[in-house]
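Student: I would like to learn how to read a structural model step by step. Could we start with a single pair of side chains and then widen the view?

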Amino acid sequence: MDAPERGALKIVWCIAAALIVVSVLEIGLYLTECLVPKQQMPVKVFPCVLKSIPAVLGIVALIKSKALAQWISDKLN
């Protein structure tokens, strides 16, 4: 693996990790908002599923990271 491909791989990893972290934070904030002791609201499934889409994309990006990095380095050459 040459240097441009290795750099692209690091970028793919960082973006995938950021997507996962943002998704986990969004779900956590939603659950906190629903479970506040003063104004409890029911937790709905659809908002949780909608907020977990970036995490799924991040996991897919981590699984396919080598192919994505190769594609990025080919596009930059």
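Predicted model: local features only at pLDDT ≥ 70, side-chain atom pairs only at ≥ 80, totals over all residues.

Student: How many salt bridges does a search of the whole structure find?

Tutor: That search finds 1 salt bridge.

Student: Which side chain of opposite charge is nearest to Glu 5, and how far away is it?

Tutor: A salt bridge requires a side-chain nitrogen of Lys or Arg within 4 Å of a carboxyl oxygen of Asp or Glu. For Glu 5, the nearest side chain of opposite charge is Lys 66, 5.2 Å away, and Glu 5 is buried yet has no salt bridge. Glu 5 lies in helix α1 (residues 3-34), and, leaving aside residues up to four places away in sequence, it touches Ala 69, Gln 70 and Ser 73.

Student: Which residues of helix α3 are buried, and where do they fall when seen down its axis?

Tutor: The way to read a helix is to ask where its buried residues point. In helix α3 (residues 53-63), the buried residues are Ala 55, Gly 58 and Ala 61. Seen down the axis of α3, they fall within an arc of 120°, so they line one face of the helix. These buried residues pack against α1 and α4 (65-76), whereas the face of α3 turned away from its buried side carries the exposed residues Leu 57 and Ile 63.

Student: What pattern does the protein chain follow along the sequence, and is the chain compact or spread out?

Tutor: The protein chain follows the pattern α-α-α-α, with 4 helices and 0 strands. Its radius of gyration is 17 Å, well over the 11 Å that the globule rule gives for 77 residues, so the chain is more spread out than a compact globule. The C-alpha atoms fill a box of roughly 55 × 15 × 15 Å along the principal axes.

Student: What share of the residues is buried, and what do the contacts tell us?

Tutor: Buried residues make up 19% of the 77 residues. Among contacts with a separation of 6 or more, 68% come from residues 24 or more positions apart. The protein chain exposes about 5,800 Å², of which carbon and sulfur atoms supply 72%.

Definitions and conventions
Residues numbered from 1 in each chain as written. Heavy atoms only, no water. Helix = DSSP H or I, 4+ residues; strand = E, 2+ residues; numbered from the N terminus. Buried < 20%, exposed > 50% of the residue type's maximum accessible area, 1.4 Å probe, protein only. Lys, Arg positive; Asp, Glu negative; His and termini not counted. Contact = heavy atoms within 4.5 Å. Arc of directions from axis to C-beta. Rg over C-alpha atoms; globule rule 2.2 N^0.38 Å. Areas by Shrake-Rupley, 256 points an atom, 1.4 Å probe, with all protein chains shown as cover.
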